[in-house]
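Student: Please take me through one part at close range. I want its ends, its partners and its cover set out, with a few other spots for contrast.

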Amino acid sequence: MAGEGDKRKRFISATAANYFGLDPAAGPAALAAGLYARPELTSFLDDGNEFLLVVQRLGTELSASNKIEATDSKNNVLVFFKLRPDVITEDNLHSNILVSSMLDSPINTLYQAVRQVFAPVLLKDEKWSKAFDPKLQKLLSELEAGLSTVLRRSDPSYKGKKISEDDVQAILTPTDEFQLWTECAHHGSKWCNKERASHFKDLFEDIAKDYYNLDSLSLFEVVDLVETTRDTLDAVWRQTEHDPYPQPRMHNLLDVIGGSLGRYVQRKLAALKLWEDAFHSVKENLKAGILICEQWVSACEYLTGQLWQRYTPHPWKNEKYFPELLAKLGKRLDEVLAIRTLHEKLTLFLLPGEQNALHLAQVFEPFAGLNPVHYNPYTEPLWKAAVSQYERIIAPAEQKIASKLKKFISEIEDSPQQLLQTFQKYKELIKHPNISKELLFERETLLARLQDYVKDYQTDFETRCHGVPGDVSGPLSGKNLSEVVNNIVWVRQLELKVDDAIKLAEALLSDLSGFQTFHRNADSFLEQLKAYEQEQFGDWSRNIQSEVSNPKSGLCIQANSPVMELDRVFGTLNILYSDRLVTLVREVRQLSALGFAIPVKIQHVANTAQKFCKQAVILKQVAHFYNSIDQQMIQSQKPMMLQSALAFEQIIKHSKSGPGGKGQITWDNPRELEAYIKKLQAAAERLSTENRKLRKWHTNFIEKVISLMNIDLLRQQQRWKDGLQELRTGFASLESQAGFHYRIANSEHLTFQ
């Protein structure tokens, strides 16, 4: 079996040549030149006691050995090994030889083999997991975890080099990175102390569990996870308690998170029949998958391209990170959604008979055997070919749709609003090239309408922008909004309408000659709106800062200032917390929500005002009661309430704090302020309760006197006496409670004083 006719040697030579990328066109002799003459190959094939054949590439030739040696070489290794101690023959060639490659280090190779091949089969496969002893399953899991730990702790290149925290070779998933910091927090390492590792572990804790159980989450839950991940990584990067997080580690973490999210989306969507399942279900899942991809791409660009590059304590250096594969996966999913959406619109627009005649049920046949969620450079040509074939199939249907749309649009083109709604409704259909071409005239009509639409809004804006909200010639007004917030909200609504017009034009009209002019005019109007918006905010900021500097403006609240004062002239109680402060707090909150950066000085005043707002509202209620209780009392009953009123007034007049009650109660003494408010509320409640009770007595007395006036004294003397006795009993009861006497002038005439 020696020489070129030896099938065994041809098998090993061809396998090795293919693995190492040698040119197969050179022929078997050239491929085997480095192996045929090697005694190690002969020994492996012909000696039953020789179990290993290790092949490496040296230049243009292949070398062989019968043992694996640790070297400094970067060359990959291909290992042939036997299952049984037999001589290799043509009969057992494919049943007694296993082939394995070894990349970088034996630890990494073993870890990957266990993780990717043997653990899934022996632990998760229903057939093999039943036959595999549970103790061995546990040992296999521990072996995988142990190898992972060794990889993270040891030299990644297995060459004895000094370890640094920039080594990320063993970090293949987000969980690997999170686990690394957990292990360092427990055991420490040469490059990271326990406190620092524990800090990072705690920061990652919010997302670590979700990534470990990623497959158990729904697509919509992962959309939220992406946002949480962005915030977590930002906190990790910008922390200042310990040495900063290394950029190479963060770059790798961004990469493996993107990879995990992409694979997750692929697994979830692969479970669907994208061309057969109900459109609603497919659409919602595809949208969620697209959103995951887009949000992570956006997060990476924002963090590494803007936020972190401007973060002086720990700036991101070099170019921003862009997860290219995830972005392209999102684009592929978007294409799938566009195809399904177009098909759905076609089925809704065409009658069943028309659908059958146009073979609409067979339009997805070009995608048979092609999984659209498996994006990579090798599947892209197949995908493009399938899309081209699909477009040829639906061309007749598009012609039919175009003629129907043309007729429908001609009936409503005199109604601008209906025209806009129609184009918006059928946008997915109209933007398809074939339909778009057929509707050229209609699209030009739409462009003219959009130009008029934007111009009308601009004229209306310029007419109203300097008026007072709510006036005929002023901005439209909303509820519970101050003038500045109202004007900005009004302008934002205009911006949204103009932006919608621009987006519709970009989607459907970009090929028309008048598009660029429209786009420039609309953009110019948008800039005008944004300038007005900034002008409104700028004027407000300057006015507020000016008021803050004016002690009499009502916006100057100091934490150590008194909470109230009693007017010695008019006797009214005034709370030193102006209504303007309440408005300011609301304005700051609303403007912040609208995306404006509030000046520090104003924000400080608003924060201080917000801090005391709750107490101020309660105090204002008490002050209103104090200032208006005089009008709520019945004149004849005022002396009866004198004691309670004086007690309440004493609490007001002696609002002192500190030892001996010498100091005034201030906003920055929350404990005393809270106690004082409770005291005030209790006194006010007593006075209010007493007033209500006396008013009720007074009403009862009036009713009884009226009833007495209706009694016939000649015929109903006893009834008169009984009624009079009831009055006297009521008087006596009230006298005993209030310590004040009601006088009765005579039995026929009653006077209350």
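Tutor: The expected span of a helix is 1.5 Å times one less than its number of residues. Helices (H or I, at least four residues) and strands (E, at least two) are DSSP runs, numbered from the N terminus. This is a predicted model, in which local features need pLDDT of at least 70, side-chain atom pairs count only at pLDDT 80 or more, and totals for chains, interfaces and linings use all residues. Residues are numbered from 1 along each chain as its sequence is written, and side-chain values use heavy atoms, without hydrogens or water.

Helix α21 covers residues 579-593, which makes 15 residues. At 1.5 Å a residue it should span 21 Å. G595 follows α21, and its phi is positive, near 100°.

Now the part to look at closely: the sheet. It is open and holds 4 strands, in the order β2-β1-β3-β4. The pairing is antiparallel. Two strands pair if DSSP finds at least two bridges between them. β2 and β4 (97-102) are the edge strands. Each of these two pairs on one side only.

Take the pairs in order across the sheet. β1 runs over residues 52-58 and β2 over residues 61-65. They are joined antiparallel by 5 bridges. V54 faces S65 of β2 across this pair. The two strands make a hairpin, with 2 residues between them. In that turn sits G59, and its phi is positive too, about 65°.

The bridge partner of L52 in β3 is F81.

Next comes β3, residues 77-82. β3 meets β4 in the antiparallel sense, through 6 bridges. K82 stands opposite I97 in β4. F80 has V99 of β4 as its bridge partner. So what about cover? β3 is mostly covered, with 5 of its 6 residues buried.

Back to the backbone for one last spot. G595 after α21 and G59 in the hairpin are glycines with positive phi. N318 is another matter: its phi is near 70°, positive in a residue other than glycine. Most residues other than glycine have a negative phi. Where does N318 lie? It is in the loop between α11 (279-307) and α12. Is N318 buried or exposed? N318 is exposed, because its relative accessible area is 66%.

To put the sheet together again: follow β2-β1-β3-β4. Check V54 with S65, L52 with F81 and F80 with V99 on the model.

Notes: Buried < 20%, exposed > 50% of the residue type's maximum accessible area, 1.4 Å probe, protein only.
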